[in-house]
Amino acid sequence: MDMQDNLAIQFSALPQEWQLWLEENIERGCAPIDLANILLREGLIDLNKDVSVQTRTDEQYYRDLEDHATEKQNQLCNTLTTQQKKWLAQAILDGSNKAYIYQSLKKEGLSEMDIALEWVQLKQDPYFQIAQEQHFLVRKRNWLLHSLDRFARLNPEYEQIARISKPEFTDFIQHYYSRNLPVILTDAVQHWPALQKWSPQYFKQIVGTKEIEVQFNRERDPLFERNSIQHKTKMRMNDFVDLIEQTQHSNNFYMTANNAKASQSSLAALFQDIDHFHDYTDHAQVYDRSFIWFGPKGAFTPLHHDLTNNFLVQIYGRKKVTLIPALQTPHLYNDVAVFSKIADPHCPNVLESFPDFAQSSKLECILNEGEALFIPLGWWHCVESLDISMSVSFTHFNIDNSGAASFPTPTYA
């Protein structure tokens, strides 16, 4: 069999949406070999594969089986479990080989007629038809993100985090905010009183008797950030400072942005030490849209992305921040809201469980006292305190920063 016949057979076995794509591009005059290279990259064909007549015979065999199941579907008893049905639906959506699907389910004790019946009913189900449409759209958007990410990597500014002196706000918008690129400003908060005043002992002196809310018992729960509501604990600032100073390294307790609302009135005096951020922000909103982070060496925030553009300002101690571009979301196993199944991208065996993560690129930086890191909307990041740490994050830019308002709400029944 020559290459042309091989390609013709493999083209005919493509999923329907790819056959339509192929027909449209051939009609537009695209060379079949160029289209074959795209299909090869997608894993849909194999130029080295010897497609035999048996393959076509198998396809016809299963098609005949499904035709028979259609005729008999009112007489047959469906025996697939819910898990098997989900597996079948996913396999069809992924365009898995039909023989592979049948053989896999037969190994679980199902008859070919049971499988054929389920296949027919699934393909006729309008809910599954919607799922097919949406699955294609997700794949298309992932293709677009992957392509844009590939081209973005041609820009050196995309592969490293620049450290610069504070630019004019218009220059910051042009070069970083509008381009969705992170940057560290080295001299933007030198006038903040907090930079000279803040320390654990200062917190005790100014707000020591105030009751604050913190996250507690985080080390007992691998999903502590997702379950942050369950870990909220109230205590006096005096006691919290003592706990931090007596602990060499821990991720068990941390005062985070999630505790801001409950602690806001107690920390009001500390906000007097947070001065303006030049003309980048509306300083009148500093109290409502700034958040104080305070924790021990070892406090860790797992991989996630934010729904707004943020600045993270380091006041006391140092933090290690790891960022991953928003365009690489398809490789980051985003399963719930803003979280990834990959809590810590630095785990030694992370690729064993999450092989697609190999296609992402990590940008790491140490945020020192007095430095401000711009974290663009959608950029994935995790943060580790390298010392006892005090930070401030804020979102009140003098420009559109309304991403959170349009974030989709899950519609699961």
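How near do the axes of α5 and α8 come, and at what angle do they cross? In this predicted model, local features need pLDDT of at least 70 and side-chain atom pairs count only at pLDDT 80 or more, whereas totals for chains, interfaces and linings use all residues. Residues are numbered from 1 along each chain as its sequence is written, and side-chain values use heavy atoms, with hydrogens and water left out. The axes of α5 and α8 come within 10 Å and cross at roughly 45°.

**Helix α5 with α8**
- That angle makes α5 oblique to α8, where angles under 35 degrees count as roughly parallel, over 145 as roughly antiparallel, 65 to 115 as roughly perpendicular and the rest as oblique.
- The axes are lines fitted to C-alpha atoms, for helices over the stretch in contact, and angles run from 0 to 180 degrees between N-to-C directions; helices (H or I, at least four residues) and strands (E, at least two) are DSSP runs numbered from the N terminus.
- The crossing of α5 and α8 is right-handed, a term for a near helix turned clockwise from the far one by less than a right angle.
- On the α5 side the contact (heavy atoms within 4.5 Å) is made by A89, Q90, I92 and L93, and on the α8 side by F128, A131, Q132 and H135.
- By class, this contact of α5 with α8 has five nonpolar, three polar and no charged residues, with Ala, Val, Leu, Ile, Met, Phe, Trp, Tyr, Cys and Pro counted as nonpolar, Asp, Glu, Lys and Arg as charged, and the others, Gly among them, as polar.

- About 1,300 Å³ of space lies in the second largest pocket, a pocket being an open set of points on a 1 Å grid over the protein atoms alone, with protein on both sides within 12 Å along at least five of seven lines.
- Of the 32 residues that line this pocket, the closest to its centre are T329, N334, A337, F407 and P408; lining residues have an atom within 4 Å of a point.
- Helix α8 (126-152) and strand β10 (334-336) each supply at least two residues of the lining, and α8 gives the most, with six residues.
- The lining of the second largest pocket divides into 16 nonpolar, eleven polar and five charged residues.

**The cavity**
- The structure holds one cavity of 30 Å³ or more, a cavity being a set of grid points where a 1.4 Å probe fits but cannot get out.
- About 40 Å³ of space lies in the largest cavity, and its lining divides into five nonpolar, four polar and one charged residue.
- The residues that line the largest cavity include W192, D275, H283 and F394.

Conventions
Grid points are joined across faces, edges and corners, and a volume is the space filled by probe spheres set on the points.
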